[in-house]
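Hi everyone, thanks for making time this morning. I'd like to walk you through a protein model, one piece at a time, so please keep the picture in view while I talk.

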Amino acid sequence: MDFELWLSPLVDTLVTYGVPAEDGPMAALAVVYLALTLFSLAVVILLLKSKFRKGVAPVADETEPEAEEPVVAAEAEALETEEPDVEVAAPITAAEIEPEPLEVATVVEEPEPVSMLQRLRSGLSKTRSSLVGRVDALLGSHAKLDDAFLEELEEILITADFGMQATQELVQALTLRLKEIEPDDPGQLRTILGEEIRLRLKTGTSEWPQPERGPLVILVVGVNGVGKTTTIGKLAKQFADQGKRVVLGAGDTFRAAAAEQLEIWGTRSGAEVIRHNEGSDPAAVAFDAAKAAVARKADVLILDTAGRLHTKVNLMEELKKIRRVVDREIPGAPHETLLVLDATTGQNALIQAKMFQEAVAVSGIALTKLDGTAKGGIVVAISSQLDLPVRLIGVGEGVADLRPFDADEFVEALFVNN
C-alpha cells in the first residue's frame, strides 16, 4: 500500500499527460524501472573510467627499469635538502650544454665591411651585364675591329639607352681611336669606351648651394611613380644625420595618402612636415612651409610636388606659381630644383627631362631605380644631351643607396673588374 502511495503522484502526472487511468500504475512502474536502469548504467560507466585511469600508471611504470625507483627517491631527498639557490641555477647549467649557436651568432655580428664602390657595383650589376658583358662578348667574336664590329657596338649602345645622339658620338670617337688599339689586345677598346663615356658625363657638385640667408630650399619635381616622396625622405634623413634641422612641405595635395607617406619619412628623420587637407592649393602649402622654415630657423626646406605629366601645360604653370611664392618668402629660393627620373623608363625619362627643364629651370637630376634596369646608358644620354648634372642616383632601397653621382666612380663600377 505504501508503494502505491509513493507511486500515486507519478501515476497522477502520467494520467494528466494522457495515460489511461487503468494503465497508470503499470506506466509508473515502467518509468521507475527505466530511471533505475539509466542510473545503474551511469554508475557502471563511472566505475569503468575510474578503473581505466588507475590502470594507466602501472603500464607506464612497467616500461621503466625497477632500478630507477630508488634513484628517483634519492634525488627527491637531495632536492629537499638543497638550498633554493641551487634550484635557480639548474636551468643555466642546462643552457650551457649548447655552445654552437653562440659561436654562430658571434660570426654573424662581424660582417665584412662593404665599400661604397662595391655597393655601386652591386646596384649597377644589370647595366654592367647588359653593356660591358655584351661588349666583351662582341670583342671575343670578332677577329678584327672593322665596320661590322662598330655596327654591332652601336646596336649595343642604343639598346642600353645611350640614345641616338650619344651613341653616334661614341662610335665616331672610337673610330678615330682604333689606331691606338694593339692588334693582339682588342680588350683595349673596353678601356677607351670607358674613357669616352666619362668625357660625356656631367657631374654635379657634391655640395648643395649655401644661401646667404634662410634655409636651403630644394624643390622636387617629376611625374607620378618615379619615387619623389621616397627620394625626399632619404634626403631628409641624410641631412638630419648631418645635424641639420629639416622642414618638409607636403605639396602633393592630389594623390591620396601622399602627405601621410611624407609624414612617415618625417618621423624617421625627425623632420617637421607642413601639410594641408587633400585637394588644397599646393602653392599655399609652399607658402606655409616657407614661413615655418624661417620661423623655426631650419637649415633645409624640401618641397614635395604632385606628380604631373610633362605634357600638361596647366600643371607646369602650377609649378611656376610655387616657385614664385617661395621666392617671395625666401629670396633666391628655390636654390635647387631637383627633377626625379625613373631610370627604368629609358628614353621617356630623357623626354621628361627636356620638358621640365624648359618649364621650371631644372638644376639637377636624381635618377632613381638604377639598380632595377639594364639600361644605365640613360645617365650618359641626359648628361650629354641636356647639359644637366646628374646630382643623385638611387642604386638600392636603403637611405645610403641614394648617393651623390660621381662620374669617375660610375665608370669604374661598370668597366673595372676589381
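I'll go through some strands, a helix, a surface patch, a few backbone details and the salt bridges.

Before we start, please keep in mind that this is a predicted model.

Let's begin with strand β2, which covers residues 246–249.

Which strands pair with β2? One is strand β4, residues 300–303, which pairs with β2 in the parallel sense over four bridges. If you want to find that pairing on your screen, look for L248, whose bridge partner in β4 is I302. Strand β3, residues 272–274, also pairs with β2 in the parallel sense, over three bridges. Here the place to look is G249, which stands opposite I274 in β3. Now follow the chain from β2 through helix α12, residues 258–269, to β3: together these make a right-handed β-α-β unit.

Next, please move to strand β7, residues 390–394. This strand is mostly covered, with five of its five residues buried. Strand β6, residues 364–368, is joined to β7 by three bridges, and the two run parallel. Strand β8, residues 402–404, pairs with β7 over three bridges too, but in the antiparallel sense.

Helix α7 runs over residues 125–141, which makes 17 residues. At 1.5 Å a residue the helix should span 24 Å, and its end C-alpha atoms are 23 Å apart, so the two values agree. Several residues of α7 are buried, including L131, V135, L138 and L139. As you look at their numbers, remember that an α-helix has 3.6 residues a turn, so residues three or four places apart point the same way.

Let's go out to the surface. In helix α2, residues 24–62, you will find F39. Is F39 buried or exposed? Its relative accessible area is 57%, and the cut-off for exposed is over 50%, so F39 counts as exposed.

A few backbone details are worth a stop. A333 and P334 are joined by a cis peptide bond, with omega about -5 degrees. You will find P334 in the loop between α14 and β5. Then there is D161, which is not a glycine but has a positive phi of about 70 degrees. D161 lies in the loop between α8 and α9, and it is buried, with a relative accessible area of 8%. K369 also has a positive phi, about 60 degrees, and is not a glycine either. K369 sits in the loop between β6 and α16 and is partly exposed, at 34% relative accessible area.

Finally, the charges. Side chains of opposite charge can pair when their charged atoms come close. How many salt bridges does this model have? The count comes to 18.

Take E169 and R200 as one example: their closest N and O atoms are 3.4 Å apart. E169 lies in helix α9 and R200 in the loop between α10 and β1, so this pair ties together parts that are 31 residues apart in sequence. E169 is partly exposed at 28% relative accessibility, while R200 is buried at 18%. Both belong to a network of salt bridges that also links R177, E180, E195 and E196.

Another example is K321 with D281, at 3.2 Å from N to O. K321 is in helix α14 and D281 is in the loop between β3 and α13, so here the parts tied together are 40 residues apart in sequence. K321 is partly exposed at 34%, and D281 is partly exposed at 35%.

My last pair is R403 and E409, whose closest N and O atoms are 2.5 Å apart. Both R403 and E409 are buried.

Definitions and conventions: Residues are numbered from 1 along each chain as its sequence is written. This is a predicted model: local features need pLDDT of at least 70, side-chain atom pairs count only at pLDDT 80 or more; totals for chains, interfaces and linings use all residues. Side-chain values use heavy atoms; hydrogens and water are left out. Buried means under 20% relative accessible area, exposed over 50%, partly exposed in between (1.4 Å probe, protein chains only). Two strands pair if DSSP finds at least two bridges between them. A crossover is right-handed if, with the strands pointing away from the viewer, the path from the first strand over the helix to the second runs clockwise. The expected span of a helix is 1.5 Å times one less than its number of residues. A salt bridge is a side-chain nitrogen of Lys or Arg within 4 Å of a carboxyl oxygen of Asp or Glu.
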